[in-house]
Amino acid sequence: MDILGIETSCDETSVAVVRDGCEILSNAVASQISLHARYGGVVPELAAREHLTAIGPVLNQALEQAGKDLHGIDAVAVTNQPGLVPSILIGVSFARGLALALDCSLIGINHFVAHIYGAFIQKAEALTVSENFPVLALVVSGGHTALVLIRGDGRTSILGRTLDDAAGEAFDKAAKILCLGYPGGPVIDRLARDGDPESHGFPRSLMGKTGKPLRPENRFNFSFSGVKTSLLYAVRDRTLTDGELRDTVAAYQAAIVDVLVEKTIMAAEDSNAPLIVICGGVACNSSLRKKMENAVRDSGRRLIAAPPALCTDNAAMVGGLAFHYLRAGAKSAQDLKIIAKLDYDLGTIPFVSCSGK
Ligand code: KG4
Ligand code: ZN
């Protein structure tokens with residue numbers, strides 16, 4: 001089954017063709033980074049206008065790459081939640097029109113769940129091994145940071161989530177403070193490579209000094225607004241040399257990454273999860289990937305890190321996930337809803353079927 005995936009929930013216009021949930025025939029992405037860079041973040045109204053301009057050409061690019069025309073498409077899948085409403089509206093309207101014209105199924109996809117699926121598109125076999133469950137997924141993006149436990153029958157529960165900023169937001173806001181442009185993650189990742197992570201003692205939020213959490217209810221929750229304020233005070237009224245800038249961002253990045261790694265391992269131990277998955281834009285971070293890899297190995301577990309192109313927003317994860325919903329009999333009506341906020345009750349996800357654990 002060849003599914004056309006459409007993703008416009010934030011500042012990436014993406015269209016993909018995915019066969020049977022796992023074979024990516026194309027994954028075209030048009031980024032709006034240069035448009036929003038001067039504002040230090042995404043401007044929803046501008047993002048929506050840009051999606052409108054880009055979506056037609058991106059569709060053509062995706063079809064061409066896949067060597068298909070529209071009549072060879074079996075279903076249309078589109079992100080309908082969560083995200084920026086004006087942006088989602090463009091993708092959903094476009095998808096509705098296409099599904100109507102092609103007389104094929106239309107399905108709305110949850111972007112957060114799609115990020116998790118992004119880690120499995122090219123690792124589908126991991127979902128068929130019952131010993132891998134429960135799987136613990138760390139979803140780290142510009143909009144979300146959460147730990148999701150996935151059982152062998154697809155049932156999910158949120159073990160922890162951010163109480164304020166998402167990890168990606170902490171990178172983006174730091175870059176804004178330091179005038180490094182938008183998005184902050186990639187530039188901080190690059191500059192931090194030559195910096196000293198020990199140069200500043202930025203706080204490790206919601207962690208005790210011994211690595212023990214401060215309060216039981218916050219054991220697996222995150223908070224990144226404090227470290228951002230700490231950075232603000234550290235650099236206020238100062239002009240940093242290039243070396244000082246690299247040291248500062250290296251220390252700031254370490255404060256975020258250390259908390260993500262430590263809490264993930266703690267949650268995996270607590271829930272006996274043998275397999276850990278990291279996904280979402282921040283999972284591109286080279287330090288997070290390295291530290292998580294080492295910590296997961298030291299704890300005797302296995303790690304699947306989504307490939308970088310499937311970490312940041314893309315339509316392949318949308319088209320891939322849709323296959324499993326459609327196979328399970330789900331289908332959205334033409335008037336599918338657009339929902340801005342993430343509902344943390346993810347319910348049962350359809351791409352797992354290792355009954356038991
Ligand atoms: O998943 P994504 O493309 O969009 C959302 O769903 O939010 O994630 C975008 C976020 C941005 O905050 C960006 O700064 C961050 O991912 N990001 C990174 C890196 N690459 C992207 N953060 C840290 N290091 C990176 N290399
Ligand atoms: Zn995303």
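**Figure 1. Polar contacts between the protein and ligand 1.** A polar side-chain atom of D189 lies 2.9 Å from a nitrogen atom of ligand 1. In this predicted model, local features require pLDDT of at least 70 and side-chain atom pairs count only at pLDDT 80 or more, whereas totals for chains, interfaces and linings use all residues. Residues are numbered from 1 along each chain as its sequence is written, chains are lettered from A and ligands numbered from 1 in the order in which they are written, and side-chain values use heavy atoms, with hydrogens and water left out. An N or O atom in the side chain of D172 is 2.7 Å from an oxygen atom of ligand 1. G185 contributes through its backbone, an N or O atom of which lies 3.0 Å from an oxygen atom of ligand 1. A polar contact here is a pair of N or O atoms within 3.5 Å. Taken on its own, ligand 1 has 550 Å² of accessible area, of which the protein covers 91% (Shrake-Rupley method, 1.4 Å probe).

**Figure 2. The residue shell around ligand 1.** The shell holds 20 residues, and G142, D172, G185, D189 and D313 come nearest to the ligand (a residue is near if one of its heavy atoms lies within 4 Å). By class, the shell has 6 nonpolar, 11 polar and 3 charged residues; Ala, Val, Leu, Ile, Met, Phe, Trp, Tyr, Cys and Pro count as nonpolar, Asp, Glu, Lys and Arg as charged, and the others, Gly among them, as polar. Helix 6 gives the most to this shell, with 4 residues. Helices (H or I, at least four residues) and strands (E, at least two) are DSSP runs numbered from the N terminus.

**Figure 3. The largest pocket, the space taken by ligand 1****.** Helix 4 (111-118), helix 5 (167-177) and helix 6 (184-192) are the elements that give two or more residues to the shell around ligand 1. The largest pocket contains about 1,200 Å³ of space. Its lining comprises 45 residues, with C10, S141, G142, G143 and D172 closest to the centre. On a 1 Å grid over the protein atoms alone, a pocket is an open set of points where a 1.4 Å probe fits, with protein on both sides within 12 Å along at least five of seven lines, and lining residues have an atom within 4 Å of a point. A volume is the space filled by probe spheres set on the points, which are joined across faces, edges and corners. A molecule sits in a pocket if more than half of its atoms lie within 2 Å of the grid points. Helix 5 supplies the largest share of the lining, 6 residues. The lining divides into 16 nonpolar, 17 polar and 12 charged residues.

**Figure 4. The second largest pocket and its lining.** About 250 Å³ of space lies in this pocket. Of its 16 lining residues, N80, Q81, G108, N110 and Y325 lie nearest the centre. Strand 4 (75-81) and strand 5 (105-110) each supply at least two lining residues, and the largest share, 4 residues, comes from strand 5. The lining has 7 nonpolar, 5 polar and 4 charged residues.

Figure 5. Most residues other than glycine have a negative phi, and most peptide bonds are trans. The peptide bond from Q81 to P82 is cis, with omega near -25 degrees; P82 lies in the loop between strand 4 and helix 3 (85-102). Y182 and P183 are likewise joined by a cis peptide bond, with omega about -5 degrees, and P183 is found in the loop between helix 5 and helix 6. D20, a residue other than glycine, has a positive phi near 50 degrees and is located in the loop between strand 2 (12-19) and strand 3 (23-31).

Terms used:
A polar contact is a pair of N or O atoms within 3.5 Å; within protein, one must be able to donate a hydrogen and the other to accept it, and residues adjacent in sequence count only if both atoms are side-chain atoms.
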